[in-house]
Structure formats: structure tokens, C-alpha cells
Amino acid sequence: MAGDLGFREVEHTADRAFTVRGRNLAELFAHAAHALCAIQGQPAGTQQTVRREVEVSGVDRETLLVNWLNEILYLQDVHRESYSGFEVIAISDTSLRASLRGEPSASSRRTIKAVTFHGLEIERLSDAWEATIVVDV
Amino acid sequence: MGKPAPSRAIAKSDFRRVSEQVWELPRDFRDDMRAPARLYADEALLEAALTDNSVEQLVNTSTLPGIVKYAIAMPDIHQGYGFPIGGVVATRLPQGIISPGGVGYDINCGVRLLASEASVEEISPFLGDLASALYHNCPSGVGVHGEIKLQDAELDKVLVEGARWARRRGLARDEDLEHTEEFGAMPGADPEYVSHRARERGRGQIGTLGAGNHFIEVDAVTAVYDETAAERLGLLPGQAVVQIHCGSRGFGHQVCEDYVARFQKTVHDYGIELPDRELVCAPFESEEGQQYFRAMACAANFAFANRQALAHYIRRSFEEVLAGKVPAFDLHQVYDIAHNMAKIEEHEVGGTRMQLCVHRKGATRAFGPGSPGLPDDLRDLGQPVLIPGSMGTASYVLIGTRGSMEQTFGSTCHGAGRVWSRTRAKKTVRGQDLRQELESRGIAVRAGSMPGLAEEAPQAYKDVSRVVDVVERAGIGKKVARLEPIAVVKG
């Protein structure tokens, strides 16, 4: 599993997919957000002049994960911002509260249309949580 | 949710060969199948399909409640999410389901073909300027916004009227609407079922191209296979034509997201078990199913209006560059087709006419001669079908056939179909090298992103000619003309 950001990209013919891991659910969700931004080519160390608080819910963990990542894509799109800092402040199986940090991004080069549920299952391993996420590009 | 997919890989020996181009996995191949699964392919394309998870995804679609005949995949099948790309599933109404994942995020992604009065020879001296004008006038990139900004009341009109809205705004001609699937306005659209978020994402994106595999391409007509049909469509050898490939942008993505997330619960409420959560669905006649259908129709109309606005910008670009230099260069619309849609259609199944919800995910409607919904001037000919190839290769114009009505719910393939992942394409091909190679062949390239260009390298796709030959031999499409690119514009 790749270094600090806790994800690795996996092969997918038409779209993009990545496996993400975290020591707990909060870390898994934060790493998934980093992965989403990294595979769009957004550098991890950008300025963090913008801060947004978000609350997301879902009927189960997988729905919560998809809704969280789609929330980030939505905020990127409507505010024309890119994010590189993700702090999951509180999380349960059906809701989370988090803060995003990033910067305005005048030239939108977002490449992901949406995060999918395809084959999605959040697994609890002996020492970590893991999920493989397919995104539509 | 549901039972797990089989752990063993699907092999060629699991298929029964129904005919030279049709391969079938019988209904008892997996316990949860509700119908057999059929794949249109020659041997090489079948083998290519078995290299990723696309055939397993095809089998998954055969579990959808209400499915009739078969789950079908076209020869350009490749791995998607939920449905394979190149998948067709029809469910019987009123009991059958509708699945947002069976349409996908880019609702009414489609292709429009415009044909110029000018020949390639006439426009060639100005090709670089023309490519630059197209790139400048047609904004690209996933989140990019265009020059049209819509308030809610006006956006509602787009969602109900589609390309007819563009006609009122002076962005379309009557003939454009006549030569567009659903005449440019999908019935049943109701903006009440569209979220505020979808509106926010869509309001600035009419007249924008997007990214990924979306493009504008100027092509030459390099071969005509059916002179009569080509003449009826206004296509001549050596003529310059323009293809637009794009869809409903952030608006459609959000509509799909909204309903796929909502249906995660709905599917349990209706006791539907599925092998993949992306296939979530609801009975078509249920409140949830109807709300999705009406929101999807809004997104479809957004896409028709979007391609119409782009067509207007393309005409403007031709005017800017060619006026006073080329005697006649006007662009008439050959046709506009959707390849991600769920539609209510009547088809014959086992000798009975029945109303179906036909999901086409990366597949094109290909109605045969005499079918309802065709323009008056083409009704006896059949529906034009536009099959874009990979960048730098060829594209095809086909017409729908009686065979497509009998075999595939009036459907055929939609493109070449990927074989390489985007990661592999970028590792293997440098965008700058690809651009130079295309330009050395006389193709002008304007692209916003070199890695994005590399992802769409022709090597990453199947041979479109082989795909089209399969559908023609199977009788689900008839070749009319071949197009080859002379200028490519990408996000």
C-alpha cells in the first residue's frame, strides 16, 4: 500500500479504480479522499487557504463512503476549488463530520465524473480497514 | 447484498455458439440469472472480452427483475461499473425494473454528425485555424463552464424542451430537431425530481464538451458502402464532416449519483437481490422508478441541448475561419444519437408485442426501416447510427435494420471499445509523441491535457472496423460510410 496516502491504483479497462486502507474508518475515509484527489492529478501539498466543513450520511458504511467522495467532487465542481487536506472529525456507520482544506482552482481540470458502488465492500482486516473503489472518468 | 459472483473465471468453453457472431451463456450458467446472456463477437473479440470483468458484468445484468429474452452485449463490450459498456437489457413493463446504473453517470452521452457542403480539399489549407477556432469556441474539461448561464426557470425549460429550447434561443434549425433521436426532447421529463445540486452543477455547462473520451472531430468521408443510403443522408466521398461526442455533463452525473445512492435503500424495500450494488433498481411503475425516469429524461434533454449548442458553436467556427475563402461550407445535421439511456419502447418478444424499458449502456438505438420515431425523410431507410472509432483511426455511419429490431431490441454497438486501462495507456504512450504522430499524418490536434490525450491513444482501443464488421454480419446494422479524422479537439 503506497506510503502516506494509503492507496494504490488498480487496473480498470474504461475507468479508474483504487484500493485504499486505513487503521480505522476515519483514516480509511481520509485516505480515500486523498486518493480521489491524487488520481485527478491534484498535488498533495497545495496551499490550504480554503476550509469547508461537511456532514454526510448514508444507509450503511459503503453508501457513506460513496456519498463522502461524491460530496468532495460536488464541492470541487460548484466552488471551483481543489482540496488536499481531509480531517474526519467524527464517524459512525451512517454519518460523518469532516473538514476539507484546499485552494481556489481557476482552471478546472477535474477528470472524475462520479464515484460508483461497483463491487464496493468495506472489509475489516486483522489490523486495518480496506476498500476498492471504482470511479467513472 | 445478494449472492457473490462466481470465483472462477468465465471461459470461452462456457459459451454456446448460437451463430457465427452470437455467443450465449445459458440461463443455468449461474444460479441467479433470470435470462441467458448473449455476446455479439467474432472469436478474437470474444477472447478480448474475456480478459477483464466485462462478461461477468454482463451475467450480472441478466439477474435484473423483469428482463426479457437475453442480457445482450455488443462487440465493443468492455469493463464498466454495474453494466458492462456495450450492454443492452430490456425489462417488461409494468412489472420490470429501471436501473440508474444501467444508464450510467453520463446520461444521454451521444454522438452528433454534421456534414459540410465543403470538401476536405477545400478546407485543408485552413485546417489549423479551424481546429483552433473549434477548441476556443467549444469549452472543454470536466468541471468547465461555458458562455450560457441559466437561472432556474430557464434551466427548467432546457430540462423539458431539450434541443427545442436551443431552437428558441437561435442555436438550432428545424432540420436539426427532426434529425435528432426523440426529435431532441425526451418525453416524460419533470424537473420536480431533479435535485438542487444537479441544477447547481449544470447551470453553467450548456455548450461545453467535458473531458475523458469526449471530443469534436473533423473527418473526411473516405469510403461509401451504400451509395443510395449515403446520398439520402447527404454524405459524399471526400466531403468534410464533424462529429461531436459528449453528454449531460455535471448535471447528468449528479442525477445518477442522487438516484444510485437513494436506491441503495429502495432496492431492499422491494426485496430485490442483486450481485452488484451499482445495479440497484426499482420497479418502473413504482414511485421511485418513475421519479428516476423523469429526472433521467431531464438529463437526457440537457444533453440534447448541450450537443445542439456545441453544433451552433461549430457552425460559428466554420463561419469565422472559412467565410470568404471557401465558396460553400454550411453544415447540415445528419443525425444525433444517444448511447446511455433507458427508454420505453414497444418490441416483439416471442410473437407478442410488448412495452419494454430498454436500457442501453454504451449501445446505440438502431431502429430499422418503418420504425416509429424516425424522421419522415428517413422512415423508409432506417435510423442513421453513428459509431465513432478511437482517435486517429476511423468512424462509421450505419443504418438500423430489421435484424436489429428482431434480435437486439433495435440496438447496435457504440464505438471501438477499450482494451487497455487508462493507466496502461499513459505508461505506454506519451501524449506529446502521440500528438506529433497524428500531426505527421496530417491530423490537427488541439487538446487541453497531454496525459488525457495519451489515455485515448488508438492502441488502447479495439479495431473499430472489426467491431462494425461483426454487427453488419450479424445483421444488426448496415454500413453506409467510413470517416477518417483530419482534426481532433479534446478536453
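Two strands are taken to pair if DSSP finds at least two bridges between them. Helices (H or I, at least four residues) and strands (E, at least two) are DSSP runs, numbered from the N terminus. The structure is a predicted model, in which local features need pLDDT of at least 70 and side-chain atom pairs count only at pLDDT 80 or more, whereas totals for chains, interfaces and linings use all residues. Residues are numbered from 1 along each chain as its sequence is written, and chains are lettered from A, with ligands numbered from 1, in the order in which they are written.

The secondary structure of chain A consists of 2 helices and 8 strands, arranged along the sequence in the pattern β-β-α-β-α-β-β-β-β-β. Of the 137 residues in chain A, 49% are buried; a residue is buried if 20 or more other C-beta atoms lie within 10 Å of its own, exposed if 12 or fewer, and partly exposed in between, with C-beta atoms placed from the backbone. Two residues are in contact if their C-beta atoms, placed from the backbone, lie within 7 Å. Among the contacts in chain A that link residues at least 6 apart in sequence, 60% join residues at least 24 apart.

Chain A contains an open sheet of 3 strands in the order S3-S5-S4, with antiparallel pairing. Its edge strands, each of which pairs on one side only, are S3(A) (50–57) and S4(A) (81–91). On average, neighbouring strands of this sheet are turned by 25° against each other, direction ignored. Between S3(A) and S5(A) (residues 95–104), the antiparallel pairing extends over 8 bridges, and A:Arg52 stands opposite A:Leu100 in S5(A). Strands of a sheet pair through backbone hydrogen bonds, either parallel or antiparallel.

Both helices of chain A lie across strands of this chain. Helix H1(A) (residues 25–38) lies across S4(A) and S5(A) and runs at about 170° to S4(A). Helix H2(A) (residues 61–79) lies across S3, S4 and S5 of chain A, at about 145° to S3(A). For these values, axes are lines fitted to C-alpha atoms, for helices over the stretch in contact, and angles run from 0 to 180 degrees between N-to-C directions.

H1(A) and H2(A) pack at an angle of about 40°, with their axes 10 Å apart. The two helices are therefore oblique to each other, given that angles under 35 degrees count as roughly parallel, over 145 as roughly antiparallel, 65 to 115 as roughly perpendicular and the rest as oblique. H1(A) passes H2(A) in a right-handed crossing; a crossing is left-handed if the near helix is turned anticlockwise from the far one by less than a right angle, and right-handed if clockwise. The contact involves A:Phe29, A:Ala32, A:Ala33 and A:Leu36 of H1(A), together with A:Leu65, A:Trp68, A:Leu69 and A:Ile72 of H2(A). By class, this contact has 8 nonpolar, no polar and no charged residues, where Ala, Val, Leu, Ile, Met, Phe, Trp, Tyr, Cys and Pro count as nonpolar, Asp, Glu, Lys and Arg as charged, and the others, Gly among them, as polar.

H2(A) also meets chain B. The axes of H2(A) and helix H10(B) (residues 249–269) come within 11 Å and cross at roughly 160°; H2(A) and H10(B) are therefore roughly antiparallel to each other. Their crossing is left-handed. On H2(A), the contact is made by A:Thr63, A:Val66, A:Asn67, A:Asn70 and A:Asp77, and on H10(B) by B:Gly250, B:Glu257, B:Ala261 and B:Gln264. The contact of H2(A) with H10(B) has 2 nonpolar, 5 polar and 2 charged residues.

Taken over both chains, the contact draws 35 residues from chain B and 32 residues from chain A. On the side of chain B that touches chain A, two or more residues each come from strand S4 (71–81), helix H8 (196–202), H10 and helix H13 (422–428) of chain B. H10(B) gives the most, with 8 residues. By class, this side of chain B has 10 nonpolar, 13 polar and 12 charged residues.

Within chain B, strand S19(B) (residues 478–490) is mostly covered, with 12 of its 13 residues buried. S19(B) pairs with strand S8(B) (residues 215–224) in the antiparallel sense over 9 bridges, and B:Glu484 is the bridge partner of B:Ala220. Strand S16(B) (residues 395–399) is joined to S19(B) by 5 bridges and runs antiparallel to S19(B), with B:Ile399 opposite B:Lys478. Strand S18(B) (residues 444–447) pairs with S19(B) in the parallel sense over 4 bridges; here B:Ala447 has B:Lys490 as its bridge partner.
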